[in-house]
Amino acid sequence: MKIICVGRNYKDHARELGNEVPSEPMLFLKPQTAILPKRNPFYIPDFTEDLHYEVELVLRICRLGKNIQTKFAHKYYSEIGVGIDFTARDLQEACKEKGQPWEIAKAFDNSAPIAPKFIPVADFDDLTNIDFRLEKNGEVVQKGNSGDQIFNFDELISHLSRFFTIKLGDLVFTGTPAGVGRVEIGDRLEAFIGDQSMLKVTVK
Ligand code: ZN
């Protein structure tokens, strides 16, 4: 399986990092080894001095597809969860400066904690109005709503499937809202969809 991620999909987040709002989705991948095993703590890797959390809604792909039209895209994901796209911001900035790929900053081992449970799409009233948030040590640090995405779920699936065949079990990280920030040893992160606690991560 693979994890397909979308960068800069919320205007307020693109701006907070000084990036332009993109005219088409900006994609990158994380490998299967990026998934943090359930209930494991997350250990800050020794190669970064500036590790950031990014909370994101995550789609679980339910069937094989390629070149999917936007109007059919909803048939390709059946569940929505939440995950954290851990980012070594210092390495990412260095890569961006040199025009190099981002993988060492984004796709390293355990960089993708994912909620153990997903919510069936049918349980949501409106996919363009899903509230989600991240708390750090009990304090809200990121708040998002899927309605603020620059590219909605169906547009993302359509776009990314032009480049990558999607398969059952693949995951799509759909971008982070504003409020990204640094984590330190001892931090406790908790991600919510609506008021439902979905994911807890202890940073070590
Ligand atoms: Zn992200």
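H159 has a relative accessibility of 10% and therefore counts as buried, the cut-off being under 20%. The residue belongs to helix α4, which spans residues 153–160. Beyond its neighbours within four places in sequence, H159 touches E24, P25 and L27. The model is predicted.

**Helix α4**

- Of the 8 residues of α4, 6 are buried, so the helix is largely enclosed by the rest of the structure.
- The buried residues of α4 are F153, L156, I157, S158, H159 and L160.
- Strands β1, β2, β4, β5 and β10 (171–173) are included in what covers these buried residues.

**The sheet**

- An open sheet is built from 6 strands with mixed pairing, in the order β2-β1-β10-β4-β5-β7.
- Its edge strands are β2 (26–30) and β7 (119–120), each of which pairs on one side only.
- Strands β4 and β5 run antiparallel and are joined by 7 bridges.
- Within this part of the sheet, I61 has Y77 in β5 as its bridge partner.
- In general, the strands of a sheet pair through backbone hydrogen bonds, in either a parallel or an antiparallel sense.

**The zinc site**

- The zinc ion has E54 (OE), E56 (OE) and D85 (OD) as its protein donors, at 1.9 to 2.1 Å.
- Along the chain, the spacing of the zinc donors is E-x1-E-x28-D.

**The cavity**

- There is 1 cavity of 30 Å³ or more.
- The largest cavity holds about 110 Å³ of space.
- Elements giving two or more residues to the lining of the largest cavity are β1 (3–7), β2 and α2 (89–98).
- The lining of the largest cavity consists of 17 residues, and those nearest its centre are G7, R8, H13, E54 and K106.
- One of these residues, E54, is also a donor of the zinc ion.

**The largest pocket**

- The largest pocket has a volume of about 220 Å³.
- This pocket is lined by 15 residues, with K38, R39, P116, L199 and K200 nearest its centre.
- The lining of the largest pocket comprises 9 nonpolar, 3 polar and 3 charged residues.

**The second largest pocket**

- The second largest pocket has a volume of about 170 Å³.
- Its lining is made up of I119, D123, F124, D125, D126, N129, I130, D131, I193 and G194.
- I119, part of this lining, falls within the residue range of the edge strand β7 (119–120).
- The lining of the second largest pocket divides into 4 nonpolar, 2 polar and 4 charged residues.

Methods. Residues are numbered from 1 along each chain as its sequence is written. This is a predicted model: local features need pLDDT of at least 70, side-chain atom pairs count only at pLDDT 80 or more; totals for chains, interfaces and linings use all residues. Side-chain values use heavy atoms; hydrogens and water are left out. Donors are N, O and S atoms within 2.8 Å of the metal (3.2 Å for Na, K and Ca); water is not among the atoms, so sites may look incomplete. Two strands pair if DSSP finds at least two bridges between them. Helices (H or I, at least four residues) and strands (E, at least two) are DSSP runs, numbered from the N terminus. Buried means under 20% relative accessible area, exposed over 50%, partly exposed in between (1.4 Å probe, protein chains only). Contact means heavy atoms within 4.5 Å. On a 1 Å grid over the protein atoms alone, a cavity is a set of points where a 1.4 Å probe fits but cannot get out, and a pocket is an open set with protein on both sides within 12 Å along at least five of seven lines; lining residues have an atom within 4 Å of a point. Grid points are joined across faces, edges and corners, and a volume is the space filled by probe spheres set on the points. Ala, Val, Leu, Ile, Met, Phe, Trp, Tyr, Cys and Pro count as nonpolar, Asp, Glu, Lys and Arg as charged, and the others, Gly among them, as polar.
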